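Hello,

Here is the structure for you to look over.

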Amino acid sequence: TPTVTHDGRYIVFVSEKNGPHLWRISVDGGQQVQLTTGSGEGNPRTSPDGNWVIYDSFRTGKQQLWRVSINGGEPQQVSEIFATEPDVSPDGKFIACFFIDEAKGKNWRIGIIPFDGGEPVKVFDVPQTVSIDSSPQWTPDGRGITFIDWPADRSNLWLQPIDGGPPKQLTDFKQGYVFRREWT
């Protein structure tokens, strides 16, 4: 799951080389730097200012969100909750992720966590057929989060408005699968 910094300077990716760990490389293929050395790191996304990489890790024995400088260094834990597939909001203030709401019977939900860490400040229910391997993704205006629902033999894109209300189906594919998507 490679990701490119918003300024186009670096690509951050997961390598199995002594890992899985996060690595950073310049877009011309030089300046390869290992960013993490923890346990089971994956799903990197970069902050809009290009200074941070948000990712999930099993560093504590439980999958949680962490962040590390784009230059490497000591990682900082962002959440205590069981979470995966982070995405940073366009303004850099929040992180959307899938998380297990242990108080609600182990169901997957979308949580919005402050960028500096803590508990979710907003929580949204999602169908339990949601593709948790395809991160929730902010819309470019920051007013919604898209996710992929995968009920049986097809998948479709959905939009969850941040201000609340029910999710809205964006595509109506009758067959086939959406695995990842990006905004242009």
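The largest pocket is lined by 18 residues. Nearest its centre lie His 6, Arg 45, Asp 87, Gln 137 and Glu 182. By class, the lining has eight nonpolar, seven polar and three charged residues. The volume of the largest pocket is about 400 Å³. Please keep in mind that this is a predicted model.

Next, the second largest pocket. It holds about 150 Å³ of space. Its lining counts 13 residues, and those closest to the centre are Thr 1, Arg 45, Ser 135, Arg 180 and Glu 182. Strands E5 and E9 each give two or more residues here. The largest share, three residues, comes from E5. This lining divides into three nonpolar, five polar and five charged residues.

Now the side chain: Gln 160. It lies in strand E15, residues 156–161. Is Gln 160 buried or exposed? Its relative accessibility is 2%, so Gln 160 counts as buried; the cut-off for buried is under 20%. A polar atom of the Gln 160 side chain lies 2.9 Å from the backbone oxygen of Gly 165. Leaving aside neighbours within four places in sequence, Gln 160 is in contact with Phe 124, Asp 125, Gly 144, Ile 145, Phe 147, Gly 165, Pro 166 and Pro 167.

Best wishes

Key. Residues are numbered from 1 along each chain as its sequence is written. This is a predicted model: local features need pLDDT of at least 70, side-chain atom pairs count only at pLDDT 80 or more; totals for chains, interfaces and linings use all residues. Side-chain values use heavy atoms; hydrogens and water are left out. On a 1 Å grid over the protein atoms alone, a cavity is a set of points where a 1.4 Å probe fits but cannot get out, and a pocket is an open set with protein on both sides within 12 Å along at least five of seven lines; lining residues have an atom within 4 Å of a point. Grid points are joined across faces, edges and corners, and a volume is the space filled by probe spheres set on the points. Ala, Val, Leu, Ile, Met, Phe, Trp, Tyr, Cys and Pro count as nonpolar, Asp, Glu, Lys and Arg as charged, and the others, Gly among them, as polar. Helices (H or I, at least four residues) and strands (E, at least two) are DSSP runs, numbered from the N terminus. Buried means under 20% relative accessible area, exposed over 50%, partly exposed in between (1.4 Å probe, protein chains only). A polar contact is a pair of N or O atoms within 3.5 Å; within protein, one must be able to donate a hydrogen and the other to accept it, and residues adjacent in sequence count only if both atoms are side-chain atoms. Contact means heavy atoms within 4.5 Å.
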